[in-house]
Amino acid sequence: MRVELVEIKKHFGPVRANDGVSVTLEPGTIHGLLGENGAGKTTLMKCLSGYQAPDGGTIKVDGQPVSFASPDEAIRRGIGMLHQDPLDFPQMRVLDNFLLAFDRRMVPDRRRGRAMLRELGARFHFDLDPEAEVTGLTIGERQQLEILRLLALGAQFIILDEPTTGISAPQKAKLFATLRHLADDEGRSVVFVSHKLEEVEELCHRVTVLRRGKVTGEAEMPCPVGRLVEMMFGRSLPPVECPLVEPGPVVLQVEGAAISSYRLAVQDVNLEVRAGEVIGLAGLEGSGQRLFLRACGGLERLAAGRVLLDGRDLTGAPYRRFLDAGGAYAPAGRLEEGLVGGLTLTEHVALAERNGPSLIDWADARRRAVERIRHFNIVGQPESPVEALSGGNQQRVVLALLPPGLRLLLMEHPTRGLDVESANWIWQQLLARREDGTAIIFISADLDELLERSDRIAVFYGGQMSAPVRACDTTVEQLGYLIAGKSAGRGA
Amino acid sequence: MKGILRLKNVLLGLAPVVLALLFTTLILVAVGAPPVEAYRNILSGAFESWQKIADVVAACVLLILCGVGMSITFTAGQWNVGVEGQIVLGAIFATWVARNLLWPQVPVLTLMLLAGMLGGALWGALAGLLKVYGKVHEIFGGLGLNYVAQGLAIWLIFNPWKPADGATMSGTDPFPDPAWMPRLGDLRVAPLAVILALLSAAVVYFLLRGTRWGLELKAMGKNFRSAFLLGVPSTPRLLTAFAACGALAGLAGAIRCSARYGRMLPDISGGQGYLSLLVALLAGYRPQWVPLIALFFAAVGVGSPRLELNMQLDSSLGGVLRASVVLAVMLVGGWRALMARRQETT
């Protein structure tokens, strides 16, 4: 089955997730779809599998134009997708999940279903107990169930979205063997969506690289890693000059920090940050950098290790102690976590003054709001509800609410979604704070921003933090390698 | 242009009332009763005499106190359905004072009211504690605590507080005279209770609007995560919100046994706590609107038994009218929000 995607376009508001993407997917191959977070891989595959409709472009199956109104219509044409988070019903048993997919009669034939599940499982060496509840399965086993379900539905064309996140090494080996068998021996097509270079190298026959909604290159495998990195991250600015920073006293010390979550365990992170220093945290989403940043602010519990702010041990202390010690945390979701939709700017100004009087002087709060609006160039009125502001102005409000004289500022994606001018302005404000001795740690997915704004950069990959490198000694390529899980400089 | 916009808003504000009347009228027509006469009966049942008007005002007191209290918890984003239990606990605490402290009227009444507030506040805080530390959703915690309070009241009435001639569902022995809240002449309304209820609306309006505490509750109610990251101490705020609402409900319970019955009953709240939830919803959690809406609810409640007397209709029709107003308000509100969102995306 040959699938052609021609000039696919998909927009979400102002974001062009797919901006005219054309790819041809041949039968009998494992086709890698490579790119950073937000490059548009998942969007493209959701368009192909009927999950969402493209805004423009054509999908052709064996030369015939098709359009799918739902995943159900796509699977009838043999196209099935395995989503990043398995789309199953955890409270139900394996067999019921399996039957739900294709036996649409009033009374499903359990015996036939069980036999099919056994037979398919044996063919791929998947050991799934039909009577087990899905809640008790690992992510890898849930994936296996999904694959069997798609095959039972007659999928000739199977899309896997980041299937190796959160599964064990033996499960991964088994998955790869299965995919090879499906493509090489059974002649089916497999699309492997990933941001992990090593896996794409190991598995795929052919690779298409996406960047910011566009195809930046295609290659037959094997292909030099350097070329793939370049296609993924692009070339950019010449290296930045090393600034002459007077390192102040140590502000933040993290010793042997370990944090665990459902999907990921962050292990043994050590970091020392001095006053006036800017540390950038790089890594693909879900690599552990956010868990670590939150743990620095007392928002995530440490499984081991210590966090000290200005020499005071804040390990296990609540977020309030971190604020009292001169810390601040600015999350990425401005309206989700940073600001309160429905409150006005004046109300925010009053609210952010943590130790303000218990009776609010609204006239005074309004005066201060007017003053901050002027100082931070916010397009809005003191009476404007924050959700009425643009993203850039909301981020300005987030900055305007930070108290003066901070010791440590933790930020997630300080300029995500902002235009260049707003981003520059935001960084001027942030860098002005380092003059007062504020240490800044920020997460970003933008390599140029990381290189340009940080003094040192630490890269997270699969829960491990690399030793921090000086930004001025590092190139986009080297960062790209680290982010995709290769040690810097090798194989270029 | 501004005038037209204003007019549109007024019309949209009236739409739910029209919708609810339409719905109730349909029901009346369906059972073959003349609608206009039914509405006239409700009105005259509620306002034809000073005694009736006094009954309506008296019935407002609990609705106002609890409705105002729930404006606090709703502002903080919490569904405090535990008001029923908080009313009962207030009544129990007040009854203990009335039975045990044989003092003159002023100190006894003062202590009864304060004890009622304490009882309600503790019961409210308990729902908050269950939510914060036990991860029990406040709706389930509140409902559970309502049953516990009910059981406690029944146990007290049938055991330690048993009347001399045997326990019945009609409650304890009447309180000693000083524990009765003074009424206005022959009318069944206690002026002090009405004053306290109106005062509570004013105080809570000021607390929510003018204090840091009120602002923090509002922020929590609109976005819990953001409020937390901005440094709002969520646990103490949540507990004080529940306790404050509980205190007002407890006060209502104390007033109910002191001013209305002069004794403790197993069914002291009479389900009015749930009704006040509707009052708070209809007021959109703004305490300044609670008294007016409570008046409407109380009038329909006092007036609808007349349907049974004069027209052989079931008096529960009043309940249908009240509930359909609430549903219509929410329906129109939801519809307006949907329209606003559509306009935004196009």
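## Chain B: burial and shape

Of the 346 residues in chain B, 49% count as buried. Buried means that 20 or more other C-beta atoms lie within 10 Å of a residue's own; 12 or fewer means exposed, anything in between partly exposed, and the C-beta atoms are placed from the backbone. The model is predicted, and local features need pLDDT of at least 70, side-chain atom pairs count only at pLDDT 80 or more, while totals for chains, interfaces and linings use all residues. Residues are numbered from 1 along each chain as its sequence is written, and chains are lettered from A and ligands numbered from 1 in the order in which they are written.

Chain B has 14 helices and zero strands. Helices (H or I, at least four residues) and strands (E, at least two) are DSSP runs, numbered from the N terminus. Along the principal axes, the C-alpha atoms of chain B fill a box of roughly 70 × 60 × 30 Å.

Two residues are in contact if their C-beta atoms, placed from the backbone, lie within 7 Å.

## The nonpolar core

The largest nonpolar core has 241 residues. Such a core is a set of buried Ala, Val, Leu, Ile, Met, Phe, Trp, Tyr and Cys residues joined through C-beta atoms within 7 Å. Val61(B), Leu63(B), Leu65(B) and Val279(B) have the most contacts inside this core. Helix α3 (residues 50-75) of chain B gives the most to the core, with 16 residues.

Beyond its neighbours within four places in sequence, Val61(B) is in contact with Ala193(B), Val194(B), Ala197(B), Ala252(B) and Ile255(B). Met112(B) sits in helix α5 (residues 105-134) of chain B. Met112(B) counts as buried because it has 28 C-beta neighbours inside 10 Å. With neighbours within four places again left aside, its contacts are Ala94(B), Val97(B), Ala98(B), Ala179(B), Ala254(B) and Ser258(B).

## Two helix pairs

In chain B, α3(B) and helix α10 (residues 234-261) pack at an angle of about 170°, and their axes are 7 Å apart. That makes the two helices, α3(B) and α10(B), roughly antiparallel. Axes are lines fitted to C-alpha atoms, for helices over the stretch in contact, and angles run from 0 to 180 degrees between N-to-C directions. Angles under 35 degrees count as roughly parallel, over 145 as roughly antiparallel, 65 to 115 as roughly perpendicular and the rest as oblique. By class, the contact of α3(B) with α10(B) has 17 nonpolar, two polar and two charged residues. Ala, Val, Leu, Ile, Met, Phe, Trp, Tyr, Cys and Pro count as nonpolar, Asp, Glu, Lys and Arg as charged, and the others, Gly among them, as polar.

In chain A, helix α3 (residues 94-102) packs against helix α4 (residues 110-123) at about 100°, with axes 10 Å apart. α3(A) is therefore roughly perpendicular to α4(A). Here Leu95(A), Phe98(A) and Leu99(A) of α3(A) meet Arg110(A), Gly113(A), Arg114(A) and Leu117(A) of α4(A). The contact divides into four nonpolar, one polar and two charged residues.

## Chain A: shape and backbone

Chain A has 17 helices and 21 strands. Of its 492 residues, 44% count as buried. The C-alpha trace of chain A spans about 70 × 50 × 45 Å along its principal axes.

Most residues other than glycine have a negative phi, and most peptide bonds are trans. A cis peptide bond joins Met221(A) and Pro222(A), with omega about -5°. Pro222(A) lies in the loop between β10 (214-220) and α8 (225-233) of chain A. Glu162(A), not a glycine, has a positive phi of about 45°. Glu162(A) is buried, with 20 other C-beta atoms within 10 Å. Asp310(A), not a glycine either, has a positive phi of about 50°. Asp310(A) is partly exposed, with 16 other C-beta atoms within 10 Å.

## Where the chains meet

The contact takes 22 residues from chain A and 17 residues from chain B. On the side of chain B that touches chain A, α8 (212-222) and α9 (224-229) of chain B each supply at least two residues. α8(B) gives the most to that side, with seven residues. The residues of that side of chain B divide into seven nonpolar, five polar and five charged.
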